[in-house]
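Hi everyone, thanks for coming.

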Amino acid sequence: MVKYCIFTGSFLKLIILKGKKMERQELLFYNEYEKFYTMSKSSEVFPEFCKKAFGEDFSQDGFSDVQQIDRILEYLPNKEEIHILDIGCGNGKMAGYLQQKTAAYIHGFDYSWNAIKTAKDLYPVKSDFKRGIIGEISYPGSSFDMVISMDSIYFAKDMVSFIGQIWGWLRRGGIFFCGYQEGDVMLKTEDVNSTELAKALRKNGIVYKVIDITGECYELLKKKREAAISLQEDFYKAGERNWYDMLICQTECACKPFEEFCKEMARYIFIAEKT
């Protein structure tokens, strides 16, 4: 399993949460993400890094570049008013980008108070951002034309149940679009159909298609590493060496040949339409 670092000096560990409703301190990586979104709001260097690495500044901590996000536009229903829900929306920048491209009404939830406050400040028009937890937050049925989860579905305590919940939120003709990675938070499985997400979709009777973007991910990680190294001095001068170290830690896996990389990691885009 590839080590995946979100904060200096600590590797992410999958916390198994059972039983009672999650308390704040038990939430997966909660403290790290609160610090991350505080940093991304105040830093002058990190937005520049995101633009160099990903093509747009969505305050990315993971793997979603503008090419992956632009794929979403291909699946948006052709209708006058579109409602999009972003699961784990962070500070809303990805949803805001989609709104800019489509004039959609954007919705999002995230467990980070810092992220949601920023999202509300940045996108006050045709938007609804809430602090919420996967598996606990609810929306009325048939509310959305598209539900997006880019590297957030892993936080579900019960993925089968949560996929069923998402399916209920979608309108007929609506699209579930999910970026899903294995080899960091989720263990690498034999193939796409053996992933936890694929199994959860099948258990809900949902037909899906998959785009394997493992190769794209590998190239993106190399670009991410190069962008970080090019800004090393700026990170250091800004007193943000810990965030530079995080980026280097996250991209170590791209230093090995692709043949070795894809034995340990995989990245997919899942798409399912509610007919």
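Let's begin with Arg172, which counts as exposed because its relative accessibility is 70%, and exposed means over 50%. Before we go on, please keep in mind that this is a predicted model.

You'll find Arg172 in strand E7, which covers residues 170–182. What does Arg172 touch, leaving out residues up to four places away in sequence? The answer is Lys274 and Thr275.

Our second stop is Asp110, in strand E4, residues 105–110. Asp110 is buried and has no salt bridge. Which side chain of opposite charge is nearest to Asp110? That is Arg131, 7.3 Å away. Setting aside residues up to four places away in sequence, Asp110 touches Gly88, Cys89 and Gly90, then Ala115 and Ile116, and finally Lys130, Arg131 and Gly132.

Last stop: a pair of helices. Helix H2, residues 45–54, packs with helix H8, residues 214–230, at an angle of about 145 degrees, and their axes are 8 Å apart. The crossing of H2 and H8 is right-handed. On the H2 side, the contact is made by Phe49, Lys52, Ala53 and Phe54; H8 brings Leu220, Lys223, Lys224, Ala227, Ala228 and Ser230. How many residues of each class are in this contact of H2 with H8? There are six nonpolar, three charged and one polar.

Conventions: Residues numbered from 1 in each chain as written. Predicted model: local features only at pLDDT ≥ 70, side-chain atom pairs only at ≥ 80, totals over all residues. Heavy atoms only, no water. Helix = DSSP H or I, 4+ residues; strand = E, 2+ residues; numbered from the N terminus. Buried < 20%, exposed > 50% of the residue type's maximum accessible area, 1.4 Å probe, protein only. Lys, Arg positive; Asp, Glu negative; His and termini not counted. Salt bridge = Lys/Arg side-chain N within 4 Å of Asp/Glu carboxyl O. Contact = heavy atoms within 4.5 Å. Axes fitted to C-alpha atoms, helices over the stretch in contact; angles between N-to-C directions. Left-handed = near helix turned anticlockwise from the far one by under 90°. Nonpolar A, V, L, I, M, F, W, Y, C, P; charged D, E, K, R; others polar.
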